[in-house]
Amino acid sequence: MLKSIVLSIVLFSLLELSLSRSVKEGIVRIAVTNIELTPTTILALGTDFDQTYLRVLLSTASSEMWVPSADCDWKYTWCREHGHYNYRESHSYVDCQRNFTTRFQDHVVMGRVSADQIEVGDAILSNTEFGEALSSDTDFTYSQHDGVIGLGPGKVSTTGSPLLTLLLERGLDDAVFSFSFAPRDRGNLVIGAVQHDKYRGNMVWSKTVSQDRWQIQAASISLGSNSLCSSNCVLEFNTEVEVIIGPAKQVEQLYQLLDARQIAGVTIRSVDCRKVDSFPDFTLTFKGQSLKMTPRDYVERFKIGSTELCHLMITSVEDDVERWIMGTLAHKSLYVVYDFGRYQVGLAEAA
């Protein structure tokens, strides 16, 4: 009995030490993996030996935090094929007695709101609300993660206070975050400070044009000397997307300039590997400053056997707004700072 009490005291002390360390430093560091597709990390739910570990997508397109519930309907592929949170296995679980509804990509996800201790990176937050997904309007699947942690600029969430708000309340040095990506599918998310060693040159700041999306306006977008957008060009930085997506008319123009060919069954197009090195830069211009993505940044080279293939990682969607969605691909050549305190985005060339 005495041994159990002593062990509980030690574990509680370690927990308090970890929490105070995160607050004291004012910065939260989160290891990121799967960055060739979309950035994910490990989320721990519960305390001590009751913790559940799930892989979650770090989404800049949402402010919600949710994971599949152990009570989700198994008729859904996303329920059958992924890890779950089971509140029965956690002694720190709290029933919040309300439901949530949120969007994930083109789907509506529904469930109940629960609270438990969460651990992500070196941050530990007790009694934190999140969503337990139970059902969706249509079936869907995804392969790289179980749930979602939202990093959008919105201050309101149907699953409780957004993670960024919670961390800011606990003593972040600054209301900013950024990703840095390294080879071998590894990287970091740093919340609370700008990583000045991760970029070159000057950083240009632009106010967001949306309260719930990381959207800003560029003065122009071009491919070499060919204009793809000449005024009021909206850019959205969205880590739920792997590639760059643009309006159909402008992307079709880009296809013609690069002689991009259709591939049966997919939206991505192929280009001639022998010509890639001569392709022009993809250029974004803000307030007189230009940021460039070279052909190496927007064309993926790979081999199947002895055959080299090249895929253009820019595709299109039908959209009434002239909007370019800058997915994870763009975050490798650009250093992007998300400022959720001042509603602005900082851009520079990645180091």
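**Reading the model**

Me: Which residues is Leu-58 in contact with, apart from its neighbours within four places in sequence?

Reply: Val-32, Pro-39, Thr-40, Thr-41, Ile-149, Leu-151, Phe-179, Leu-189 and Thr-239 are in contact with Leu-58, once its neighbours within four places in sequence are set aside. Contact means heavy atoms within 4.5 Å. This is a predicted model, in which local features need pLDDT of at least 70 and side-chain atom pairs count only at pLDDT 80 or more, while totals for chains, interfaces and linings use all residues. Residues are numbered from 1 along each chain as its sequence is written, and side-chain values use heavy atoms, with hydrogens and water left out.

Me: Where does Leu-58 sit, and is Leu-58 buried or exposed?

Reply: Leu-58 is in strand β3, residues 52–59. Helices (H or I, at least four residues) and strands (E, at least two) are DSSP runs numbered from the N terminus. Leu-58 counts as buried because its relative accessibility is 1%; buried means under 20% relative accessible area, exposed over 50%, and partly exposed in between, with a 1.4 Å probe and protein chains only. Ile-42 is 16 residues away from Leu-58 along the chain, and their C-alpha atoms are 10.0 Å apart.

Me: How many helices and strands does the protein chain have?

Reply: There are six helices and 25 strands in the protein chain. Of its 351 residues, 53% are buried. Among contacts with a separation of 6 or more, 67% join residues 24 or more positions apart.

Me: What is the radius of gyration of the protein chain, and what would a compact globule have?

Reply: The radius is taken over C-alpha atoms, and the globule rule is 2.2 Å times the number of residues to the power 0.38. For 351 residues the rule gives a value near 20 Å, and the protein chain has 22 Å, which agrees. Along the principal axes, the C-alpha atoms fill a box of roughly 75 × 45 × 40 Å.

Me: Which residues of helix α4 are buried?

Reply: In α4, residues 248–258, the buried residues are Gln-250, Val-251, Leu-254, Tyr-255 and Leu-258. Viewed down the helix axis, these buried residues fall within an arc of 145°, so they line one face of α4. The arc is that of the directions from the helix axis to the C-beta atoms. Lys-249 and Gln-256 are exposed on the face of α4 turned away from the buried side.

Me: How much space lies in the largest pocket?

Reply: Rolling a probe the size of a water molecule over the atoms shows where empty space is left. On a 1 Å grid over the protein atoms alone, a cavity is a set of points where a 1.4 Å probe fits but cannot get out; a pocket is an open set with protein on both sides within 12 Å along at least five of seven lines, and lining residues have an atom within 4 Å of a point. Grid points are joined across faces, edges and corners, and a volume is the space filled by probe spheres set on the points. The largest pocket holds about 1,200 Å³. Its lining has 38 residues, and Thr-38, Gln-105, Glu-240, Val-241 and Glu-242 are the closest to its centre. Helix α5 (295–298) gives the most to this lining, with three residues.

Me: And the second largest pocket has what volume?

Reply: The second largest pocket has about 360 Å³. Of its 23 lining residues, Lys-198, Lys-332, Glu-349, Ala-350 and Ala-351 are the closest to its centre.

Me: How many cavities of 30 Å³ or more are there?

Reply: The count is two. The second largest cavity has about 40 Å³ of space and is lined by Gly-152, Pro-153, Gly-154, Lys-155, Pro-162, Leu-164, Thr-165 and Phe-340.
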